[in-house]
Amino acid sequence: MFISTISAAASAVSRSKCTSEPGSTELMSLSADTLRRLGEIVGPANLQQSPEERIGYGYDATPMLAHLPDAVVFVESAQQISDVLKLANAEGFKVVPRGSGTNLSGGTVPMENCIVLVTVKMDKILEIDPRNLTALVEPGVLTARIDEAAGAHGLFYPPDPGSMKISTIGGNVAENSGGLRGLKYGVTRDYVLGLEVVLPTGELLRCGTKCVKDVAGYSLKDLFIGSEGTLGVVTQILLKLLPRPTARRTMLATFDTMTDAAETVSDIIARKIIPCTLEFLDKTTIACVEDYTKIGLPIGAEAILLMETDGHPVVVEEESARMIELARAHHARDVRVAKDTAEADKLTSARRAAFSALARVSPTTILEDATVPRSELAAMIAFIQQTAKKYELRVGIFGHFGDGNLHPTFLCDERNREEIERVHTAFREIFEKAIALGGTITGEHGVGLAKKGFLETFAGTTGLQVMCALKHTLDPNHVLNPGKIFD
Ligand SMILES: Cc1cc2nc3c(=O)[nH]c(=O)nc-3n(C[C@H](O)[C@H](O)[C@H](O)COP(=O)(O)OP(=O)(O)OC[C@H]3O[C@@H](n4cnc5c(N)ncnc54)[C@H](O)[C@@H]3O)c2cc1C
């Protein structure tokens with residue numbers, strides 16, 4: 001069962017434009033002729049029109065944002081996507097691309113007059129090329145499947161969002177998703193060599209190649225990565241793969257203060273060790289995860305740090321010994337070293353379960369991803385804790401410590417309007433603080449509907465104008481994913 005989340009900063013403006021409940025059986029605005037033509041393009045079995053069929057596509061993993069789409073189409077080829085978009089331009093309806101709908105910023109929530117275009121049937125791994133270390137995949141392939149397929153050739157696809165078993169690579173590209181291994185290996189963008197994209201007006205664009213070096217003209221692929229489905233629908237992705245690391249070691253350090261955990265992270269990096277994973281859970285999250293997974297986490301500890309290093313066995317040996325030493329130097333009360341792969345996977349899955357575990361304890365789980373430079377982590381965490389106290393809110397904090405990417409998660413109840421107002425105020429202050437510390441309003445979840453109210457403060461007026469100009473150039477009729485990132 002999927003967890004309940006909300007992007008707390010979702011502005012009143014955004015919500016007022018997404019007013020209908022997903023359960024509403026309101027009539028569609030598409031004409032019978034348009035529906036018939038959509039059916040001809042995708043095939044009748046791939047067109048969903050009844051309220052019961054449409055309801056599941058009216059929301060994503062971002063609660064309190066919902067709107068029933070006018071229709072849902074499951075596409076099977078770039079040609080079908082092109083035909084749907086050409087019809088949208090001609091008839092004036094809007095199109096929301098969607099993979100698995102796990103995004104946390106309302107990125108796939110339809111606005112008025114929208115159909116949802118689902119890519120999950122385009123799920124083929126078209127090629128693994130061990131000579132060039134690349135994979136060519138369709139957008140509906142689940143992220144975890146890519147690494148599995150690469151693994152069969154001794155290769156490795158590093159980006160591993162917590163949702164990797166359910167998210168699609170198309171969604172990862174559109175959100176430029178990160179993961180637990182981001183500290184050492186980077187994010188989705190670092191692995192995209194090329195894209196095939198259907199533009200909002202229906203033309204097919206291919207950009208990028210298998211060449212390691214390619215500087216012919218603007219790097220168009222980079223324009224589409226992180227564009228949240230507003231500039232084009234990605235139909236093929238050429239990915240870079242790496243040789244699979246031959247060894248890894250996973251450790252769990254327990255601390256009595258968050259400051260000690262944060263200083264351990266800073267010290268590891270200052271000593272020029274770049275582990276693949278440095279993730280943390282705070283006291284509230286530890287208790288929820290242990291209650292959920294029963295893997296023996298230290299309930300009562302203020303923080304745990306999941307540390308993982310991978311690579312050549314000799315380097316792994318040396319780095320892990322130094323990391324244990326540094327954790328102890330910063331008063332770790334215990335450092336547990338996974339004895340085998342099974343135990344390592346268990347410890348890693350405890351971190352992956354953080355979000356779901358927190359979501360079990362309250363009707364609404366309000367999660368964000370404020371991000372700061374690593375040197376400001378301790379200050380940011382202290383600020384989040386003080387803010388929660390000031391507004392009498394229960395918060396769990398976990399995240400990608402090594403990337404400075406924090407997930408403060410408020411445990412509340414959306415039926416309690418007054419409490420939700422306090423959550424919004426708290427998040428506003430947290431974002432302002434993140435920006436003041438040199439950070440950003442989102443490290444990996446995107447702007448979508450939820451955070452567009454903050455974008456101008458962060459990107460500046462000129463930055464926003466350039467983004468709007470790009471959008472208008474590629475999508476003159478504003479048919480693709482309207483209302484996302486900016487109005
Ligand atoms: C439990 C959980 C854990 C998570 N952990 C992480 C994490 O560690 N790191 C992280 O970065 N995120 C994380 N997320 C957020 C989410 O999983 C990612 O944003 C993911 O990339 C979304 O993939 P999706 O297939 O669900 O895309 P969707 O939610 O369906 O779509 C996301 C965006 O991409 C667009 N889109 C989808 N497919 C295409 C396409 N083919 N072409 C163009 N645009 C497209 C949509 O319009 C939308 O704007 C997590 C979410 C959950 C629920």
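How many nonpolar, polar and charged residues does the shell around the ligand have? By class, the shell has 10 nonpolar, 22 polar and 4 charged residues. Here Ala, Val, Leu, Ile, Met, Phe, Trp, Tyr, Cys and Pro count as nonpolar, Asp, Glu, Lys and Arg as charged, and the others, Gly among them, as polar.

## Basis of the model

This is a predicted model, in which local features need pLDDT of at least 70 and side-chain atom pairs count only at pLDDT 80 or more, while totals for chains, interfaces and linings use all residues. Residues are numbered from 1 along each chain as its sequence is written, and side-chain values use heavy atoms, with hydrogens and water left out.

## Ligand site

There are 36 residues around the ligand, of which Pro-97, Gly-99, Thr-102, Ser-163 and Thr-168 come nearest; a residue is near a molecule if one of its heavy atoms lies within 4 Å of it. Strand E3 (94-98), helix H6 (169-175) and strand E10 (233-240) are the elements that give two or more residues to this shell. The most come from H6, with 5 residues. Helices (H or I, at least four residues) and strands (E, at least two) are DSSP runs, numbered from the N terminus.

Polar contacts are pairs of N or O atoms within 3.5 Å. A polar side-chain atom of Thr-102 is 2.6 Å from an oxygen atom of the ligand, and an N or O atom in the side chain of Ser-177 is 2.7 Å from an oxygen atom of the ligand. In the side chain of Glu-444, an N or O atom lies 3.1 Å from a nitrogen atom of the ligand. The ligand taken alone exposes 980 Å², and the protein buries 97% of that (Shrake-Rupley method, 1.4 Å probe).

## Helix H11

In H11, the buried residues (under 20% relative accessible area) include Val-316, Glu-319, Ser-320, Met-323, Ile-324, Leu-326 and Ala-327. They cover an arc of only 165° around the axis, which puts them on the same side of H11; the arc is that of the directions from the helix axis to the C-beta atoms. On the other side of H11, Val-314, Glu-325, Arg-328 and Ala-329 are exposed (over 50%).

## Positive phi in two loops

Most residues other than glycine have a negative phi. Lys-272, in the loop between helix H9 (258-270) and strand E13 (277-282), has a positive phi near 65°. Lys-272 is exposed, with a relative accessible area of 72%.

His-331 lies in the loop between H11 and strand E15 (334-337). The phi of His-331 is positive, about 70°, although the residue is not a glycine. At 52% relative accessibility, His-331 counts as exposed.

Methods. Polar contact = N/O pair within 3.5 Å; in protein donor to acceptor, adjacent residues only side chain to side chain. Buried < 20%, exposed > 50% of the residue type's maximum accessible area, 1.4 Å probe, protein only.
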